[in-house]
Amino acid sequence: MRTRARLALGLAALASALLAACAKPPLASAPKAERDAIAARIGQDIATLASDEFGGRKPGTRGGERTVDYLTQRFEEVGLTSGTNDPGNPWRAPVALTSVRFDSGRIEFMIEDRIIALTDEEALAGTTRQRELIAEGEMIFVGNEAESVPVESVMGKVVVMLADRSLNPERRILLESKQAIAVLLVTDDAAIVRGIREDSSRDRIALASELEDVFFSIVTHDAMARAFGAQRWSDLVLSAQKEGFSPIDLAAKANIEASSVRRDFTSFNIVGRLAGTRPDAKAVLLMAHWDHLGLCAPAGAADRICNGANDNASGVAVMLELAQRLADKGPFERDIYVVATTAEEAGLLGAQAFVANPPLPLTSLVAAFNFDTVALAEAGAPVGFVGEGRTPLDPIIFETLLAAERALGNRDYAESFLRRQDAWVLLQKGVPAVMLSSARGSEITAGPYFESDYHSPSDEVDTIRLGGAIDDLLLHEELVKRLAVPALPAP
Ligand SMILES: [Zn+2]
């Protein structure tokens, strides 16, 4: 009995050993030595891009220029050709940007023969234009009204309006369209004034073509009470709640002054291409943003540079490695475009410039894959699918996940990143654009990074986990191969 049992056990072990020897490894996997080599190459690109020499890769800075130079060189090295389809601008598709920083603002009231200067804690005026000056503008109080206010009563005046909770600019814009020269918003919260001041002291970058002229001023209820008298001001606020309220002349004038520092500059999306064998066969797009936040901590901090090792040196490095592998394994029937976008951090601006002026018709793109902050999970982690259910790519993605033995991550968690990444801009233009990443698989994996190191000087190389990123790289390689269709060998 014992001998028999032992024999049976021995046979079972032999059978399973034989089976294991025959079983094919799952698709989109690689032996350890190859994974190590991939990790070394990706790690090298991340270390370079996230080094202090690159200064946090902010567009419009020396570090930003250095990044563009480095990536142009790397795009060539991995075997791409320029994909701008613009002979005047090889590799680099120019993106015209404007940076604006609110510089100073001052509000004072003239009531009877008194001049009341408001303090920085009480009031704030800001503009995106170089300078805005309103001298002795007559003040009119409209309470909460905007739509019902007749043009004649606000035209050429400084309009005092009560703020709603959301600080929605709609009513301000409506009153400006009725030719109010300024709209002074009254809030009951000094913290709002402080918050806007803090927020607006930072450089803001916009597409030069999209920058709107904004002029806003905000003041606290306490300041209004100090200037107009507590009783009079509270009577005015009360009257605004009554039915049949109509605008009230405040018999006062306002001086409002604001200025900003504006700078126009050019940054670049870097565009490469692996030419397909069938020019009419449409294309697949890979994208990752190269920019980050530059100096992001106040002067005097021990480390001021946001190096953005994960966000997004990691995505760029993985994309470069993928481009290299595809270049080695091609050709494919379809073109493969590879784009490193600029100014993502300022609001997906490089991606917007790309869709506004694409190197190929957007309808030619059968799929776009974004890589953003990708190195947070260990090998074997589930895949977050950002953009699931929004493109015709679902079936091929699920098939490939299955073949690669990759589990799908938490759907709600992945979905929460949808609008925070470049693929969203393409998706809105009808391009099937998704992001597949183990770094969006679950809050347990990614949460600690997004709660602490994200957008901070501590997003350094030690936050990098390459296991999951390499799984994802191999998964994308398989997906792109399936979508770009391997070319038949020449007869
Ligand atoms: Zn970011």
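Is Met 110 buried, exposed or partly exposed, and how many other C-beta atoms lie within 10 Å?

Modeller: This is a predicted model, in which local features need pLDDT of at least 70, side-chain atom pairs count only at pLDDT 80 or more, and totals for chains, interfaces and linings use all residues. Residues are numbered from 1 along each chain as its sequence is written.

Met 110 is partly exposed, because 16 other C-beta atoms lie within 10 Å; a residue is buried with 20 or more such atoms within 10 Å of its own C-beta, exposed with 12 or fewer, and partly exposed in between, the C-beta atoms being placed from the backbone. Met 110 belongs to strand β2, residues 92-111. Strands (E, at least two residues) and helices (H or I, at least four) are DSSP runs numbered from the N terminus.

Beyond its neighbours within four places in sequence, Met 110 is in contact with Ile 115, Glu 136, Ala 252 and Lys 253, where contact requires C-beta atoms, placed from the backbone, to lie within 7 Å. Met 161 is 51 residues from Met 110 along the chain, and 18 Å separate their C-alpha atoms.

Strand β2 is also among the elements against which the buried residues of helix α10 pack, and these include β10 (248-274). Helix α10, residues 349-356, is largely enclosed by the rest of the structure because 6 of its 8 residues are buried. The buried residues are Leu 349, Gly 350, Ala 351, Gln 352, Ala 353 and Phe 354.

For the protein chain as a whole, buried residues make up 46% of the 491 residues.

Terms used:
Contact = placed C-beta atoms within 7 Å.
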